[in-house]
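Open the model in your viewer and keep the selection tool at hand. Each stop below says what to select next and what is there.

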Amino acid sequence: MKRVFSGVQPTGNLHLGNYLGALKQFVELQEDHECIYCIVDMHAITVPQDPKELKSHILDVASLYLSVGVDPKKSIVFVQSDVPGHAELSWILTCCSYTGELSRMTQFKAKSHNKESAPTGLFTYPVLMAADILLYDTDVVPVGTDQRQHIELCRDLATRVNNTRKKTFVVPEGRYLKEGARIMALDDPTQKMSKSAENIHSRISLLDEPSKIKKSIMKATTDSEGIIRFDQENKPGISNLMNIYSVLSGKSLSDLEKEYEGKGYGDFKKDLVEITVDALAPFREKFEEIRYSEDLIRILKDGAERAGAIAEKTIARVKENFGLGL
Ligand code: AMP
Ligand code: TRP
């Protein structure tokens, strides 16, 4: 069985875009892969975090993984900082990386704004990500296309080490989410739905109450034509809503066009509210059940133990190949 590794940062509540773009795949992959899903808290501290909030977000994201169907009997779910191998391997890989290649990372350029005071952690963020992946001899990494450059760096580092020393790492493949899985903001369909946008009606969080879901969808930007037709370029608003409708209901876009022929956006939106509320209700229910339970802590501790056992073997091999330690 091929091994899968992926991680999500514990920053803010996850939204419909995260679910349809990432988490839904995590759940599907666990049927025929050995999956390891991580809450990458050490990546989160590359920008300032309030300690209490960070702790709470870690447990939120872990609960959301489980609420949407990641099954701890099939997959390993754990918190990055609970396995020391991530930090250890990250340092070793830092010593194999070039400042030039890290300077070219677009995420670093976007987040550091060319400032002298940009945190060094932001600069070495992709090396820690490479360590996450290589620590588990990962074959496949499901991520958004925004992570492509980081995955390529990870592959470069693995290949560089393998070529200059004994073969040490499995060179992983990225598994990129389809463009169709890109969910756009409800208030501005030219932007990606994101955790950080100021307007809460731009996104549907996985834990939103039905009344909030209704408000956000009914307010969603469309166009003045009033015809339900998929045309991403000229009708990005209704096309985004149709996309969401289609993935949540399993109906094709052309079936939706037929079903809503002669009807208005109001009717379409009302039905989409119902479908979205019904799709998210079980997640909210499960979340309430698990978030404050002892089970959650037990699952994460067990996950860290299982992940730690794999990581220890990799670290021993890497240290041996680098001549580190006794
Ligand atoms: P982030 O929210 O950026 O930490 O991303 C976590 C995961 O969700 C990544 O795999 C992203 O590619 C995916 N993701 C984030 N926003 C969206 C979106 N609007 N549509 C589809 N996938 C998304
Ligand atoms: N950088 C990824 C993101 O922002 C999160 C991440 C950290 C990750 N380590 C990883 C994803 C390892 C996949 C594999 O989405």
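The tour goes from a helix to ring pairs, then to charges over rings, and ends at one residue.

**Before you start.** This is a predicted model, in which local features need pLDDT of at least 70, side-chain atom pairs count only at pLDDT 80 or more, and totals for chains, interfaces and linings use all residues. Residues are numbered from 1 along each chain as its sequence is written, chains are lettered from A and ligands numbered from 1 in the order in which they are written, and side-chain values use heavy atoms, with hydrogens and water left out.

Stop 1: Select residues 294-322. This is helix H13, with 29 residues. Helices are DSSP runs of H or I, at least four residues, numbered from the N terminus. From first C-alpha to last, H13 reaches 41 Å, close to the 42 Å expected at 1.5 Å a residue. That expected span is 1.5 Å times one less than the number of residues.

**Stop 2: ring pairs.** Rings of Phe, Tyr and Trp (its six-membered ring) pair if their centres lie within 6.5 Å; planes under 30 degrees apart are stacked, over 60 edge-to-face, the rest tilted. By this rule there are 10 aromatic pairs. Select Tyr19 and Phe283. They form an edge-to-face pair, 5.0 Å centre to centre, with 65° between the planes. Tyr19 lies in helix H1 (residues 16-29) and Phe283 in helix H12 (residues 265-291), so the pair ties together parts 264 residues apart in sequence. Both Tyr19 and Phe283 are buried. Buried means under 20% relative accessible area, exposed over 50%, partly exposed in between (1.4 Å probe, protein chains only).

Next, select Tyr260 and Phe268. This aromatic pair is edge-to-face, at 5.0 Å centre to centre and 75° between the planes. Tyr260 is buried at 1% relative accessible area, and Phe268 is buried at 0%.

**Stop 3: charges over rings.** Here NZ of Lys or CZ of Arg must be within 6 Å of the ring centre and within 35 degrees of the ring normal. Select Arg148 and Tyr176. The charged end of Arg148 sits over the ring of Tyr176, 4.1 Å from its centre. Arg160 lies over the face of Tyr98, 3.9 Å from the ring centre.

**Stop 4: Ala44.** Ala44 is in helix H2 (residues 41-44). How exposed or buried is Ala44? Ala44 is buried, at 1% relative accessibility. Beyond neighbours within four places in sequence, Ala44 is in contact (heavy atoms within 4.5 Å) with Gln9, Pro10, Thr11, Gln49 and Leu54.

Methods
Helices (H or I, at least four residues) and strands (E, at least two) are DSSP runs, numbered from the N terminus.
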